[in-house]
Every structure is written in C-alpha cells, then in structure tokens.
Amino acid sequence: MVILLSDRSGLSEVPASALRLDVDGAALASNWRALDTLSGTARAGAAVKANAYGLGARRVVPLLHEAGCRDFFVAHWREAAELLDLVDPRRLAVLHGPMNDAEAAFAQASGVVPVINSVEQARRWVAAGGGACHLMVDTGMNRLGVAVAELGDGAVQALEIDALLSHLVAAEEDTPLNELQRERWMAARGLVRHARGSLANSGGIALGAAYHGDLTRPGIALYGGVPRAEMGPLLRQVARPQAAVLQVREIAAGDSLGYNATFVAPRAMRVGTVAMGYADGYLRCWSGKGAFRPAGGDTGVRLPVVGRVSMDLTILDLSALPTLGEGDWVTADYDLPEAAAVSGLSQYELLTLLGRRFTR
Ligand SMILES: *Cc1c(COP(=O)(O)O)cnc(C)c1O
C-alpha cells in the first residue's frame, strides 16, 4: 500500500503542542492604555515588528486596535503583508523603507506607508508615484535615517510626510544624549513640512511632554518590558511561556542528571522533565538559575531548573510539589525585568527569542 504523505485527509486534528505562550490580552490592552495616557496629548502607536516581539502579531494587533491603538510599525514588508487584513494599511508603516522598486511598488499597491530613511529612498519613492510616507531623521543613532543636513535635498522636500520620526539611542538611561537628540529632532521639524512628529519609544514616553510630539511608538513596554524603573508600577506582565511535564522520576542521592552531569543530587529527589529547551528560546543561561511554577496552581511554589537546559527539554526539581505529575503544565518565571537580571539577556531578547514551537 502506498501512503501519500501529502494527503492529510485521513489525519484528524494535529495534536496540541506541549508548549504554549500564554498572552494576557487584558494586560496588553492595559499597558497600551497606560502608555497612551502617559503620552499626554500625543497618541500611542505600537511597534509590532518581529511578530509583535515574539508574542504573535496576528493576535496582538487586533487586541491593540480594540484598545484604541491606530498606528502600527513593522520592520519588513513581509511583516506588513501578514497584517493587511487586520489594520488600515495607511496606518501601518514599514521601518526599513523601500529598498528597491519592487518594495516601492508593493507600498503603492497595498497602501502601506514606507518610512523613508535616505535621500536615495526618497528619490525612489517619488519616482514610484509618491504619496504619504513617514521620514526617519537620524539624530544620533547613525543606523537608519536621513541626516539633518540632507533635509534640504529636493527629493526630501518633495515628500508628502505624515510623521517625522527620529529614534532615541538610550531612552532607558538618564543621559545628555536624550536632550541632544530631542533638540536635533525639533530642529528637523522646522526644516520639512510634515503632519505629525514622533520621537519616543517606550522609555522615551517617560521622559516627559517635550519628547511626545503627536505620536509615540512603544514596543517593549506594551509587552510587559520595563525600560525605566518609574514605569514599573504602570505595566503588567503579558507573556508567560508554559510547558507540559513529560516525565517524572525519582533519583537517589549521588545521581547526576542532564548533559555533562553538571548537577549531582545532594539527596533523594523527585524531578520532572518539561517540553521546553534552548531551541524554543529557553537558553542554556537558565541552567541552574531559572524556575517554573505550577500553571494555574499555587504560584508560591518554586520549581528550580536543575542541570543543563537541553535543546527540547529542561529538568525541574519537583521536591516542593509532590502532587505535580506527568501531563501537568508549568509556567516559567518570566517577569521581564527580573528575568533579564537573572539571565543576563535583555528584556527584548527574552521575548523575541521565543520560538516557533510555542502555540500562541
Ligand atoms: C523598535 C522600535 C520602536 C519601539 O522601541 P521600544 O524600545 O521597544 O519601545 C520604536 N521606534 C523604532 C524606530 C523602532 O525601531
């Protein structure tokens, strides 16, 4: 008998994964509202690039829209294409801008707004037909953006600019660079016609009204990141990685576990293996440092990671909860400021690392 692998008609539903990312929609909406309020007379938009920082853009965007958010930013054209049925393309912007004629043509056809980052991109956009765009002005990052000195260029002056953007280098710190960038951005605002000004990312929103312009662009803080300590009380955790316990075993004092036997049991222990590993973004830096809690159970019970995190699996010390068994779910400790301090990863990396195998 020949089995056609492409014929899936005989398959029932694909079984649910033993790995899921719990996204708290109410916390996400509450974070957006808090940032919109903190933005004063400016409106808060949302950076939803990198699959909404790993949380799942197709789930996050409608939740933000429902909360009142209207302006969305992605990095790549491909990311915009995946959201076209969910938002008004005229309020969806691509930060990388049109790199070639095909991208400019896609923007023209779809209505998605390009962010113009160079004189070259300005010429390309005008040649493709022009229309509303945003302009990124470099005020100190030296990464993407038109220099202030180039703003008089004919191609830049010919643009129909909705938002004049710049991006802060270190909004999470108190550094003179913030004020220097703000002054350069204000100077740029005097040199080109535009409808709206936009400077602040998440951290920049806390720097005060002078940084707000008309539109702010929070990313990490929407998703529970805390760029500046004073924002902590306003923001709630949104993303919680969860995995099922695949197997439980009793080990004796002196037994080792995991790769390279980095952990040797000091006493008889009950340990559980869960379906999350470094291939999922739960990196080896969590070995011997991370912890999980029973999902939906007593979150006061801490189940430490023992031994080395492997590709698909992590071993937990279950001694504190003898009732936890195979098939039960656990939640990783993943409050972003705390998790960053423990792991040495940035709050941004912690979210964007989370892999494809999570059900979102
Ligand atoms: C990613 C990004 C943001 C959002 O930054 P956060 O620090 O996550 O708030 C805003 N503006 C631009 C241009 C970005 O690239």
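Planes under 30 degrees apart count as stacked, over 60 as edge-to-face and the rest as tilted.

This is a predicted model, in which local features need pLDDT of at least 70 and side-chain atom pairs count only at pLDDT 80 or more, while totals for chains, interfaces and linings use all residues. Residues are numbered from 1 along each chain as its sequence is written, and side-chain values use heavy atoms, leaving out hydrogens and water.

**Stop one: the ring cluster.** Select Y282, W286, F292 and Y334, which ring pairs link into a cluster. Start with Y282 and F292, an edge-to-face pair at 5.4 Å centre to centre with 65° between the planes. Y282 lies in the loop between β15 (269-274) and β16 (291-294) and F292 in strand β16, so the pair ties together parts that are 10 residues apart in sequence. Helices (H or I, at least four residues) and strands (E, at least two) are DSSP runs, numbered from the N terminus. Both Y282 and F292 are buried, meaning under 20% relative accessible area with a 1.4 Å probe, protein chains only.

Now move on to W286 and Y334, a tilted pair with 6.3 Å centre to centre and 40° between the planes. W286 is in the loop between β15 and β16, and Y334 in the loop between β19 (329-332) and α10 (336-343), so this pair ties together parts that are 48 residues apart in sequence. W286 counts as buried at 2% relative accessibility, and Y334 counts as buried at 2% too.

**Stop two: helix α8.** Select residues 176-189. At 1.5 Å a residue, the 14 residues of helix α8 should span 20 Å, and the end C-alpha atoms are 20 Å apart, which agrees; the expected span is 1.5 Å times one less than the number of residues. Next, colour N178, Q181, R182, W185 and A188, the buried residues of α8. They cover an arc of only 120° around the axis, which puts them on the same side of α8; the arc is that of the directions from the helix axis to the C-beta atoms. What do the buried residues of α8 pack against? Show β7 (132-138), β9 (160-165) and β10 (196-198) to see their partners.

**Stop three: charges over rings.** Stay with R182, which lies over the face of Y211, at 5.9 Å from the ring centre. Then jump to R20, whose charged end sits over the ring of W329, 3.8 Å from its centre. The rule asks for NZ of Lys or CZ of Arg within 6 Å of the ring centre and within 35 degrees of the ring normal.

Terms used. Buried means under 20% relative accessible area, exposed over 50%, partly exposed in between (1.4 Å probe, protein chains only). Contact means heavy atoms within 4.5 Å. Rings of Phe, Tyr and Trp (its six-membered ring) pair if their centres lie within 6.5 Å; planes under 30 degrees apart count as stacked, over 60 as edge-to-face and the rest as tilted.
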